[in-house]
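Please examine the structure shown below with attention to its charged side chains. This report describes how some of them pair.

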Amino acid sequence: MTQPLNSLSPLDPTSKEPIYRQIYWRFRGAISDGVLAPGERIPAARALAKELGVARGTVDTAYSLLTAEGYIQSRGQAGTVVAAGLNLRPASTRAESTLSPSAGTSVRHKAPVLPFQMALPALDEFPRKIWAQIGARCVRATRVPDMANPSAQGLESLRNAIASYLQVARGISCQPAQVFVTSGYRNTLTLIVHALLQAGDRVLVENPGYPPTRQLLDYLQIAIEPVAVDQDGMDVAQGINHSPNARAAIVTPAHQSPLCMSLTLPRRLALLEWASREQAWIIEDDYDGEYRYVSRPLPALKSLDREGRVLYAGTFSKVLFPGIRLAYLVVPAAQVERFEHVSQTFLGGCPELTQAIVTTFVTEGHFARHIQRMRKLYGERREAAVRGLGDALGEHIRIDAQPGGMHLILRLTRPQPDRALVERLLQAGIYAEPLSACCIGPQTHSGLMLGFANIDSQASAEQLGKRILALL
C-alpha cells in the first residue's frame, strides 16, 4: 500500500533549501520516526511530482539521494519501498533532521516555555519588531573594523549608555571606564573573584540565597559564610559578628533572592560601614531592581557608597530576554586598572553586534519605555496570578507578600517535600523551583517558586492552579 502524501510535512517555498533537499529530509524524517515502515511503498516519482507541483526531475533527484544512502530501494514494476533491515536511531536522526534548514526558516529550535517558568520576562510583550528593525540597521552599518575581535571590556558606546542609564534610574554616579560588559551574572562573579579574592577567602552570602552564587564560589575555592535572612533582608549584624574578617559580602538588596524583601537602610549602612572598616568588598546583585510594585524602585546600594567598596552587578537578561546573554559590572574607580588587566584573561568579549543593538535600543529611549511598560504589566500579571492561584488552591497554600520581582512564593499549608512536588509538576508540564534548594545547611524554608511574568490572565492561573491541586 502506498503511504498517503499528507503524512509528510509540507514544503516551504520560501526556504533557501532546494526543493529536492526538502523532499529528501521529509522522507528521511518520516522513515526515522516510523511514519514510513520498512517494506512500505512510497509514491511514484511522477505521482509525487504532480501532487507537489514540481518537476519530476526534482523528485527523481531526491529519490536518488535516498536510494544512494540506503533508505529506499526500487523493486521495478512493484514500485519503490522503504528499505528493509534499517537499524535507525530515531533520536539522533531527528536531531540531525531538526538541524536541517528544511525544518523551517529558523535554525533555532528549543523546547516551549513552561507555565510559571522562572527567570523569564514577558516574552510575548517584548518589542520584537523594533528590535528587528534596530538589528537590521546595525547589520547594514557594520564596517570592516567592527568585524575584528571585540573589546574585553565591552563596546564603548554601550558602556556610555549604561553609565548614563544607571545615573538616572539607579542613582549610581560612575564613569564609562568603570563599566565592564559581561556575558551574564556567573561571568561577572567570576571576574570579581579573580580580580579581588583568593582561594580560601571567606565571603558572606544570604541564606537562603541564589544557588549559582555558592556553586561558583565553591568551585573557585572561596569559603562561604551563610547569613540568615529575615523580614529586613540579610542579618548584617549576625554575619559580621560570626565572620568579621570576611573579605566580601554578596547581597541582593533591592529584591532579595529568593524571599523578595528589600534590605533596610540601617542594614545597608551597617554593611557599608563594615566594608569600609575592614577594607572588604560588597557585591551588589541588582537582578530585579527595576521591578517594584508598591512604590518607586529603591536606589541601588552602590548609590550610598562613598568609600569605593561596592561592586554593582546588573543584567539585560531579565529586562530584555535571557537569550541575549549580556550583563554588566560597575567597579570602584580605584579598581578600574586592575579589572582591565584581569578582564583581558577572563573576559572573552561579548559579540559587538549584539552590544550595538542594545546600545541603540537604550539611547533611542526604547529601553526606558520597555521597563515602564513591563513594570505596569508585571504588577497586573502578579495580581492576576495571585488571585487565580488563590481561587484554585484556597486553604492549601499561602502566598508570600512581596514588593517586587518576577516570581511568587507559595507556602504549602500541609508540609511535604517541595523537591518531590516540583518533580511531579514538571512531569505534568508545569514549572516550579523548590525553595529548599536555596537553603544552605538545614532546610529552614520550603515551598514553590513560580514565575508569573508569562501568565497572561487570572483564568490561566486558576486553570494551572487546579492542575497543581491535583498533584498535592
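The following paragraphs treat the salt bridges of this model and the exposure of the residues that form them.

The model is predicted. It holds 17 salt bridges. In general terms, side chains of opposite charge can pair when their charged atoms come close.

| Salt bridge | N to O distance |
|---|---|
| Arg277 and Glu278 | 3.4 Å |
| Glu380 and Lys376 | 2.7 Å |
| Arg382 and Glu383 | 2.8 Å |

The pair Arg277 and Glu278 belongs to a network of salt bridges that also links Glu273. Arg277 is partly exposed, its relative accessible area being 43%. Glu278 likewise counts as partly exposed, at 30% relative accessibility.

Lys376, at 55%, counts as exposed, because the exposed class begins over 50%.

In the salt bridge of Arg382 with Glu383, the arginine is the buried partner: Arg382 has a relative accessibility of 12%, and buried means under 20%. Glu383 reaches 34% and so counts as partly exposed.

Conventions
Residues numbered from 1 in each chain as written. Predicted model: local features only at pLDDT ≥ 70, side-chain atom pairs only at ≥ 80, totals over all residues. Heavy atoms only, no water. Salt bridge = Lys/Arg side-chain N within 4 Å of Asp/Glu carboxyl O. Buried < 20%, exposed > 50% of the residue type's maximum accessible area, 1.4 Å probe, protein only.
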